[in-house]
There are 2 protein chains.
Amino acid sequence: MYDGPVQDLIDELGRLPGIGPKSAQRIAFWLLDQPAEDVERLAQALIEVKQKVRFCEICFNVTDQDVCRICRDPKRDASSICVVEESKDVVAIERTREFRGRYHVLGGSISPIAGRGPGDLHIAELVRRLSDAAITEVILATNPNLEGEATATYLSRLLGQTPGIRITRLASGLPVGADLEYADEVTLGRAFSGRRYVD
Amino acid sequence: MYDGPVQDLIDELGRLPGIGPKSAQRIAFWLLDQPAEDVERLAQALIEVKQKVRFCEICFNVTDQDVCRICRDPKRDASSICVVEESKDVVAIERTREFRGRYHVLGGSISPIAGRGPGDLHIAELVRRLSDAAITEVILATNPNLEGEATATYLSRLLGQTPGIRITRLASGLPVGADLEYADEVTLGRAFSGRRYVD
């Protein structure tokens with residue numbers, strides 16, 4: 001046990017996900033050695049993230065404005081909406097530079113175990129967005145796991161009949177750079193069933 | 001890249017030791033989901049640690065007072081001083097409940113590579129403390145590595161001639177619960193040279 005403030009900081013840091021007591025102690029002592037301005041900048045970033053961060057009124061991505069950067073950008077293709085579970089997924093997809101459309105962040109996946117049903121996700125808002133005639137494609141980019149698949153299946157049934165809108169799903173298959181030998185059977189099976197003609 | 005405050009927080013968290021960009025992102029989004037009070041408490045702990053934490057005037061342990069809890073405690077044995085490199089070491093030794101004396105925190109070890117000589121450590125203050133006739137033992141508890149050993153050797157030469165004061169060193173040997181087979185040769189050698197009669 002340390003005197004007052006050091007122990008308080010170790011306790012608070014130890015509550016963060018993935019930070020054990022040893023790491024918390026190491027970070028606390030490292031911070032003690034840093035210039036006060038640097039530590040205050042971290043404290044300020046923490047306060048601001050809670051004060052300023054909101055969810056985009058259109059797509060529910062995190063933003064510090066009413067409408068996020070992507071929804072505001074007139075150069076983004078308004079005909080295509082990529083549906084993801086979380087804001088993190090938006091960043092992952094943006095990094096690929098493969099997609100120039102817009103997003104819709106569900107805020108999670110359907111998970112009976114976690115008690116999350118369709119009503120807990122931003123699905124009603126997605127349906128409302130689709131009444132915009134400009135939209136011609138909805139890409140379901142939920143995670144390729146049990147809950148993500150269930151969510152995609154639910155959405156494809158719900159939206160499948162919308163006139164003028166194609167529903168697509170990200171391709172499943174072997175990750176680039178992987179060894180066939182080490183691929184799990186489900187992934188390998190998907191790679192087979194989704195095989196394509198070589199052009 | 002996230003909009004403003006989220007990215008700022010990820011950047012600040014990513015500067016902490018042992019926190020990579022993925023962990024920083026995970027912690028930032030976790031914090032976004034927490035109640036504002038919890039996040040403010042962490043921010044407050046950060047600010048307070050820089051504002052309030054000082055070094056004990058006597059032993060240079062971290063404290064929020066002029067003199068630390070251990071130096072203030074009249075029940076601690078004033079005849080024995082345990083010399084350690086860092087405040088963290090004080091906590092580690094306190095956890096053993098084996099030592100009831102007081103401490104002296106050097107603030108590091110002698111390291112020519114890192115450009116730290118004896119003058120950069122609180123050695124002059126230690127020498128001054130030893131003029132107190134109550135002190136009869138100085139335990140050198142620096143780390144059992146190259147720099148810690150060099151520091152202990154330097155201190156034992158410097159203090160060895162002080163009348164009325166015994167200089168001791170923590171025992172080196174096999175860690176409790178270790179396998180002899182897997183002990184490194186230096187540790188095993190120390191265990192041999194430091195062997196004791198069975199009472």
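Trainee: How many bridges join strand S3 of chain A to S4(A)?

Mentor: Four bridges join S3(A), residues 80–84, to S4(A), and the strands run parallel. Strands pair if DSSP finds at least two bridges between them. Strands (E, at least two residues) and helices (H or I, at least four) are DSSP runs, numbered from the N terminus.

Trainee: What should I know about the model and its labels?

Mentor: This is a predicted model: local features need pLDDT of at least 70, side-chain atom pairs need pLDDT 80 or more, totals for chains, interfaces and linings use all residues, and side-chain values use heavy atoms, without hydrogens and water. Residues count from 1 along each chain as its sequence is written, while chains are lettered from A and ligands numbered from 1 in the order written.

Trainee: Which order do the four strands of the open sheet have in chain A?

Mentor: The order is S4-S3-S5-S6, and the pairing is parallel. Now find the edges. They are S4(A), residues 102–105, and S6(A), residues 166–169. Each has a single partner strand, so one side of each is left without a neighbour in the sheet. From one strand to the next, the twist averages 25°. Angles run from 0 to 180 degrees between N-to-C directions, and axes are lines fitted to C-alpha atoms, for helices over the stretch in contact.

Trainee: Which strands of chain A does helix H5 touch?

Mentor: H5(A), residues 87–96, packs on the sheet and touches S3(A) and S4(A). Contact means heavy atoms within 4.5 Å. The direction of H5(A) makes about 155° with that of S4(A). Then trace H7(A), residues 146–159. H7(A) lies across S3(A), S5(A) (137–140) and S6(A), at about 170° to S6(A).

Trainee: Which strands stand at the edges in chain B?

Mentor: S4(B), 102–105, and S6(B), 166–169, each pair on one side only. The open sheet of chain B has four strands, in the order S4-S3-S5-S6, with parallel pairing. Val83(B) stands opposite His104(B). Val84(B) stands opposite Val105(B).

Trainee: Which helix packs on the sheet of chain B, touching S3 and S4?

Mentor: That is H5(B), residues 87–96, and its direction makes about 155° with that of S4(B). H7(B), residues 146–159, lies across S3(B), S5(B) (137–140) and S6(B), at about 170° to S6(B).

Trainee: Which residues cover the faces of S4(B)?

Mentor: Arg102(B) and His104(B) are on one side, Tyr103(B) and Val105(B) on the other, and all are buried. Buried means under 20% relative accessible area, exposed over 50%, partly exposed in between (1.4 Å probe, protein chains only).

Trainee: Where is Arg97(A) found?

Mentor: In the loop between H5(A) and S4(A). Its phi is positive, about 55°, although Arg97(A) is not a glycine. Arg97(A) is exposed, with 74% relative accessible area.

Trainee: Is Phe60(B) buried or exposed?

Mentor: Phe60(B) is buried, at 15% relative accessibility. It sits in the loop between S1(B) (54–55) and S2(B). Phe60(B) also has a positive phi, about 70°, without being a glycine.

Trainee: How do I describe two packed helices?

Mentor: Give the angle between their axes and the distance between the axes. Take H1(A), residues 4–14, and H3(B), residues 36–52: their axes come within 9 Å and cross at roughly 150°. H1(A) brings Pro5(A), Val6(A), Asp8(A), Leu9(A), Glu12(A) and Leu13(A) to the contact. Residues from H3(B) include Arg41(B), Leu42(B), Leu46(B) and Val49(B). The contact residues divide into eight nonpolar, no polar and six charged. Here Ala, Val, Leu, Ile, Met, Phe, Trp, Tyr, Cys and Pro count as nonpolar, Asp, Glu, Lys and Arg as charged, the others, Gly among them, as polar.

Trainee: Which residues are buried in H1(A)?

Mentor: Pro5(A), Val6(A), Gln7(A), Leu9(A), Ile10(A), Glu12(A) and Leu13(A). The buried residues of H1(A) pack against H2(A) (21–33), and against H3(B) and S2(B) (62–63).

Trainee: Where does UniProt place the Toprim domain?

Mentor: At residues 79–175 of chain A, in an unreviewed entry. UniProt positions follow the numbering used here, feature names are shortened, and annotations may be inferred rather than shown by experiment. This stretch is 32% helix and 18% strand, with its end C-alpha atoms 28 Å apart. UniProt also lists a C4-type zinc finger region at residues 56–71 of chain A, again from an unreviewed entry. Its end C-alpha atoms lie 8 Å apart, and the span is 19% helix and 12% strand.
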